[in-house]
Amino acid sequence: MHHSQNRATLGGKLSAVLVAAGSSVGLGNIWRFPYVAGDNGGGAFLVIYILCVLLLGLPVMVAEFTIGRASQRNAVGAYRALNPRWSFLGYNGVLAAFLILGFYFVVSGWTAEYMIHSVTGSLAHFTTPEEYSSIFENFISNPWRPVLYTGLFVLVTHFVIALGVQKGIERSAKLLMPLLFAILITLAIHAMTMPGSIEGLRFFFKPDFSKVTASTILVALGQAFFSLSIGIGTMVTYASYFKPDTNLRHTALNVTILDTLVAVLAGVVIFPAVFSAGIEPSSGPSLVFITLPGIFNTMPLSMVWSSVFFLLLVVAALTSTISLHEVITAYLHEEWRLSRRAAAWTTTAATMVLGTVASLSLGVLGGWKICGLSIFDSLDYITANILLPLGGFFTCIFVGWRLDQQILKAQITNNGALKFRIYRLYIFLLRYVCPIILLLIFLDNLGIF
Ligand code: PHE
């Protein structure tokens, strides 16, 4: 296989795990997971979610790692090098990364704004839930403030990407991921000491299967793919920087464990707080921006807890936006032969425009609709419900059926240096179990059932 001499590689084993975990751990874990779990029966959802991660997420992540490291190229170049007819999968990834960034940067901008308002104390002036709700609505529909914060977030991401793979991506992950864990553990310990916390933990952990329907499983799988950053070329791109002796299976296992741990810890932080304030747990996407600031406000040292919580969200979001930006930058750099600088600026400019439109679509551009959805919501819908499951489905088909099995074996065993006892099980999952379930999800998301 083609091996470019001057391509950057990541330092050691830990770097591969931290960088990939940086991509996986994001708003999906802390902002989305708790409310999706709350809406879908708490503990029962958690069990199904973990099964999805292990049975479907893990095999697909190993498949994407294989494609990336075997080809050592960006998402499009990787498929083109292995089998040109499959380069559409790489394009699907680059497009999905661009569209996800369109709304992800906006929500990241909100977290930055909320962090700053927590630090300055201006978030602590309100008392009733209605007040918190109206400041959130006013803020996101404001014509310039969220756009400004979105732009700020894009520029910080750009700055990291411009520093390159080792100095930017790797160094930031090594710094930010330990910080993220330290904050999260502190918050979780604090949450568990609150009055009424036991009730919240019971709700989160006690499986209540009476609330589970077929669609719960599909929701869990969609959440798992988004949260693990798979089905879109991110892990292909990152694995293209892995070293030849990186153990792909262990890396994928560690990343999925860390990602799940963060989602669970986010639930441990959020549900006790929600229950101790006597609020219904399923309060939708606004849980983090409306319910929680109101709850923080009733705590001693409220400014500290709320600042730390929003810092956690900023850090989690940043390592994910970096990975999405890199998918596009690496593509433009290697396929269009732009310098890395020019590639990064092109990505930054394009996502800034899309992010601005997405942000304004929640306010002044509210009249612009695609199939009845605002631009912001349609970006979320198209990626999570169409491009990601499609990407995951075709990745399984490609690696399970089309890719030369010698390449797959060589990558997974590091050319025979590692044993792989469950190879047959792995192939079975990739060939049959994963694609069939993914197809079902896809059809369900389109409303076919
Ligand atoms: N996994 C990230 C999160 O949980 C989002 C993401 C999706 C990042 C796809 C990269 C690719 O927030």
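Student: Why is N415 called exposed?

Tutor: N415 has a relative accessible area of 69%. Exposed means over 50%, buried under 20%, and partly exposed in between (1.4 Å probe, protein chains only), so N415 is exposed at 69%.

Student: What kind of model do these values come from?

Tutor: This is a predicted model, in which local features need pLDDT of at least 70 and side-chain atom pairs count only at pLDDT 80 or more, while totals for chains, interfaces and linings use all residues. Residues are numbered from 1 along each chain as its sequence is written, and side-chain values use heavy atoms, with hydrogens and water left out.

Student: Where is N415 found, and what makes its phi worth a remark?

Tutor: N415 is in the loop between α17 (405-412) and α18 (423-445); helices are DSSP runs of H or I with at least four residues, numbered from the N terminus. Its phi is positive, about 55°, although N415 is not a glycine. Most residues other than glycine have a negative phi.

Student: How do you know whether R337 is buried or exposed?

Tutor: Its relative accessible area is 70%, so R337 counts as exposed. R337 lies in the loop between α14 and α15 (340-360), and, without being a glycine, R337 has a positive phi of about 55°.

Student: Why is T319 called buried?

Tutor: T319 has 4% relative accessibility, so the residue counts as buried. T319 is part of helix α14, and its side chain reaches the backbone oxygen of A316 at 3.2 Å.

Student: What makes a pair of atoms a polar contact?

Tutor: The pair must be N or O atoms within 3.5 Å; within protein, one must be able to donate a hydrogen and the other to accept it, and residues adjacent in sequence count only if both atoms are side-chain atoms. An oxygen atom of the ligand is 2.8 Å from a polar backbone atom of G28, and a ligand oxygen is 3.2 Å from an N or O atom in the side chain of N29. The protein covers 100% of the 320 Å² of accessible area that the ligand has on its own (Shrake-Rupley method, 1.4 Å probe).

Student: How are the residues of the shell around the ligand classed?

Tutor: Five are nonpolar, 10 polar and none charged. Ala, Val, Leu, Ile, Met, Phe, Trp, Tyr, Cys and Pro count as nonpolar, Asp, Glu, Lys and Arg as charged, and the others, Gly among them, as polar.

Student: Which helices each supply at least two residues of that shell?

Tutor: They are α1 (13-24), α2 (27-39), α10 (214-228) and α14 (302-335).
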